[in-house]
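Subject: Structure handover

Hello,

Here is the structure for you to look over. My notes follow below it.

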Amino acid sequence: QVQLVESGGGLVQPGGSLRLSCAASSGDMRSIAVIIWHRQAPGKQREMVASIGLSGNTHYLDSVKGRFTISRDNTENMTYLQMNNLKLEDTAVYYCIGAPGGSWGQGTQVTVSS
């Protein structure tokens, strides 16, 4: 099983940017068919933010389209979520998980605030 670790979160102002990283602490990320970024905001249901398959096909939550970009770097065994023009409603704990059969990690906190 591939274990994934998220990082790159922090405190940013509205309109700012962050790049979240998802690293395979063990195993090969290339063995994961689909990598999905989820987020859990306070008082809200956990939701899928973006996903990427082995072929590079991507899907995004409607509210982040045009602002977020998911990518895979197989050479570095990493997945990234570039987040631009961040909004207050983007505040959440972000998780990177593989599908099928992935397990939840610790996540990384993203806080958008003035």
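Start with Cys22. Its relative accessibility is 0%, so Cys22 counts as buried. Keep in mind that this is a predicted model.

**The disulfide**

What does Cys22 bond to? A disulfide joins Cys22 to Cys96, with an S to S distance of 2.1 Å. A search of the whole structure turns up one disulfide. The bond ties together distant parts of the chain. Cys22 sits in strand S3, while Cys96 sits in strand S9 (residues 92-99), and 74 residues separate the pair. Cys96 has a relative accessible area of 1%, so this cysteine is buried. The torsion about the S-S bond of Cys22 and Cys96 is about -85°, which means the disulfide is left-handed. As a reminder, a disulfide is a covalent bond between the sulfur atoms of two cysteines.

**The four-stranded sheet**

Strand S3 belongs to an open sheet of four strands. The order is S1-S3-S8-S7, and the pairing is antiparallel. Strand S1 (3-7) and strand S7 (68-73) are the edges, each pairing on one side only. From one strand to the next, the twist averages 20°.

Look at the S3 and S8 pair. Strand S3 covers residues 18-26 and strand S8 covers residues 78-83. Six bridges join these antiparallel strands. Cys22 takes part here: its bridge partner in S8 is Thr79.

**Thr79**

Is Thr79 buried or exposed? The relative accessible area of Thr79 is 0%, so it is buried. Leaving out residues up to four places away in sequence, Thr79 touches Leu20, Ser21, Cys22, Met29, Ile35, Trp37, Ile70, Ser71 and Arg72. So the bridge partner Cys22 is listed among the contacts of Thr79.

**Where to look**

Begin at the Cys22 to Cys96 disulfide. Then step across from Cys22 to Thr79 in S8.

Best wishes

Notes:
Residues are numbered from 1 along each chain as its sequence is written. This is a predicted model: local features need pLDDT of at least 70, side-chain atom pairs count only at pLDDT 80 or more; totals for chains, interfaces and linings use all residues. Side-chain values use heavy atoms; hydrogens and water are left out. Two strands pair if DSSP finds at least two bridges between them. Helices (H or I, at least four residues) and strands (E, at least two) are DSSP runs, numbered from the N terminus. Axes are lines fitted to C-alpha atoms, for helices over the stretch in contact, and angles run from 0 to 180 degrees between N-to-C directions. Buried means under 20% relative accessible area, exposed over 50%, partly exposed in between (1.4 Å probe, protein chains only). Contact means heavy atoms within 4.5 Å. A disulfide is a pair of cysteine sulfur atoms within 2.5 Å.
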